[in-house]
Amino acid sequence: MSKNATAVLESLTLEEPTKDVGQDMWALAKKTSLDLNSAYKYIMFAEYFSETCVVAREEDKVVGFITGFVQPSHPEVVFVWQVGVDSSQRGKGVASKMLNELIARDACKDVRYVEATITNDNKASQSLFKRMAKEHDTSFEVRECFPEDVFPEEGQKAEYTYRIGPFSK
């Protein structure tokens, strides 16, 4: 899809965010169990990485988002940093719809793999990415990416890379 293109799914609209929506993404992240980054991170992603970010709206309310980017040294990989879904939308497939919207975009035309880092206790994200692999009849692999000891904060859990693909286009 081209910049600012939208796809209507039932009562949801999926679109590329603008910098004005960054604060709504931050507010939604604040209401979830996601690691909360600064508001600046969400505004910056919406401005500079809008083609690889997705916002789900119900009417004018942001009810879901993905922040991601195509890896500069690996243009065949889109890295999904965060997936946030409002509690009112959980169990409706919003996260899956946003991921499928992301990989269908022109910005991801050369993408063959989706990657994300996930902790061992984040069963919802693990299920989301495993389901994506199954829906696209492709594989997934898991490997440790950031062990606990690389983090400066005590209690931070190891992050494992989930790699899904290759996707056929």
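Reply: Happy to. Let's begin with aspartate 137, which sits in the loop between α4 and β7 (139-146). Helices (H or I, at least four residues) and strands (E, at least two) are DSSP runs, numbered from the N terminus. The model is a predicted one, in which local features need pLDDT of at least 70 and side-chain atom pairs count only at pLDDT 80 or more, while totals for chains, interfaces and linings use all residues. Residues are numbered from 1 along each chain as its sequence is written, and side-chain values use heavy atoms, with hydrogens and water left out.

Aspartate 137 has a positive phi of about 50 degrees, although it is not a glycine. Its relative accessible area is 73%, so aspartate 137 counts as exposed; buried means under 20%, exposed over 50%, and partly exposed in between (1.4 Å probe, protein chains only). Glutamate 59, in the loop between β3 and β4, is another non-glycine residue with a positive phi, about 60 degrees. Glutamate 59 is exposed too, at 72% relative accessible area. The peptide bond leading from glycine 165 into proline 166 is cis, with omega near 5 degrees.

An α-helix has 3.6 residues a turn, so residues three or four places apart point the same way.

Rings of Phe, Tyr and Trp (its six-membered ring) pair if their centres lie within 6.5 Å, with planes under 30 degrees apart counted as stacked, over 60 as edge-to-face and the rest as tilted. Phenylalanine 49 is partly exposed, at 30% relative accessible area. A further tilted pair joins phenylalanine 49 to phenylalanine 69, with 6.2 Å from centre to centre and 55 degrees between the planes. That pair links distant parts of the chain: phenylalanine 49 lies in the loop between α2 and β3 (54-58), and phenylalanine 69, 20 residues away, lies in strand β4. Ring pairs connect Phe45, Phe49, Phe69, Phe79 and Trp81 into a cluster. The whole structure has eight aromatic pairs.

Leucine 102 is buried, with a relative accessible area of 0%. Apart from neighbours within four places in sequence, leucine 102 is in contact with Glu51, Thr52, Cys53, Val54, Ile66, Val78, Val80 and Cys108, where contact means heavy atoms within 4.5 Å. Alanine 107, in the loop between α3 and β6, is partly exposed at 32% relative accessibility. With neighbours within four places set aside, its contacts are Glu51, Thr52 and Val70.

Finally, the largest pocket holds about 1100 Å³ of space. Of the 39 residues that line it, the closest to its centre are Ser33, Leu34, Val83, Asn122 and Ser125. On a 1 Å grid over the protein atoms alone, a pocket is an open set of points where a 1.4 Å probe fits, with protein on both sides within 12 Å along at least five of seven lines, and lining residues have an atom within 4 Å of a point. β5 (74-85), α3 (94-104), β6 (113-119) and α4 (123-135) each supply at least two residues of this lining, and β5 gives the most, with seven.

Conventions. Grid points are joined across faces, edges and corners, and a volume is the space filled by probe spheres set on the points.
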